[in-house]
Structures are given as C-alpha cells and as structure tokens.
Amino acid sequence: DVIVIDTSDKMPVNKELYALNFDGDCCVKQLVKRNGDWYLYSVNPDFGPVNARSGQISIATYRL
C-alpha cells in the first residue's frame with residue numbers, strides 16, 4: 001500500500017482521514033468534530049476515539 005500526503009493542506013475537515021503526528025507517533029486517523037472538540041477515530045475498532053486536545057498533534061491531508 002502507498003499513502004500520498006499533502007503536507008501543505010493542514011485545514012481539518014470533519015470526518016476526513018488525515019496523516020497525523022500525535023505525541024510523536026505517526027498514524028492515519030479520521031478527524032471528527034463533536035461539541036466543538038476534535039476527536040481522532042481509528043479504523044481499527046479495538047481503539048476508541050481520542051480527544052485531540054489530550055496531546056501534541058500536527059496534521060496533513062491523506063490522499064489515495
């Protein structure tokens with residue numbers, strides 16, 4: 001599999017997938033806005049949502 005990342009596009013859009021650096025870990029998550037806060041959702045159901053405020057985050061748009 002190959003993921004192409006547009007590092008110039010950092011504007012979050014609700015329910016889109018993003019390549020993230022979250023607390024030093026690289027991951028691909030869906031960003032979902034709920035009650036004014038952004039949450040990181042994993043495609044893997046073993047991992048629950050994480051409030052983006054709980055750590056250091058930088059984002060880039062994920063493209064296929």
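Guide: Let's start with a word we'll need: a residue is buried at under 20% relative accessible area, exposed at over 50%, and partly exposed in between (1.4 Å probe, protein chains only). This is a predicted model, where local features need pLDDT of at least 70, side-chain atom pairs count only at pLDDT 80 or more, and totals for chains, interfaces and linings use all residues. Residues are numbered from 1 along each chain as its sequence is written, and side-chain values use heavy atoms, leaving out hydrogens and water.

Visitor: Is R53 buried or exposed, then?

Guide: R53 is exposed, because its relative accessible area is 66%. D37 counts as buried, because its relative accessibility is 15%.

Visitor: What meets in a salt bridge here?

Guide: The general idea is a side-chain nitrogen of Lys or Arg within 4 Å of a carboxyl oxygen of Asp or Glu. By that rule the count is one salt bridge. In this structure, the side chains of R53 and D37 meet that way, at 2.3 Å from N to O. The pair links distant parts of the chain, 16 residues apart: R53 sits in the loop between β5 and β6 (57–63), and D37 in strand β4.

Visitor: How do I read which strands pair?

Guide: Two strands pair if DSSP finds at least two bridges between them. Strand β2 (residues 16–22) pairs with β3 in the antiparallel sense over seven bridges.

Visitor: Which residues make up the largest nonpolar core?

Guide: First, the general idea: in soluble globular proteins, nonpolar side chains tend to be buried together. A nonpolar core is a set of buried Ala, Val, Leu, Ile, Met, Phe, Trp, Tyr and Cys residues joined through side-chain atoms within 4.5 Å. Here the largest one has seven residues: Y18, L20, F22, L31, L40, A52 and I59. Strand β2 gives the most to this core, with three residues.

Visitor: What about K29, which is buried yet has no salt bridge?

Guide: Start with charge: Lys and Arg count as positive, Asp and Glu as negative, and His and the chain ends are not counted. The nearest side chain of opposite charge to K29 is D25, 9.3 Å away. K29 lies in strand β3 (residues 25–34). Contact means heavy atoms within 4.5 Å, and, not counting residues up to four places away in sequence, K29 touches E16, L17, Y18, L20, L40, Y41 and S42.

Visitor: How much of the whole chain is buried?

Guide: Of its 64 residues, 25% count as buried.

How values were computed
Helices (H or I, at least four residues) and strands (E, at least two) are DSSP runs, numbered from the N terminus.
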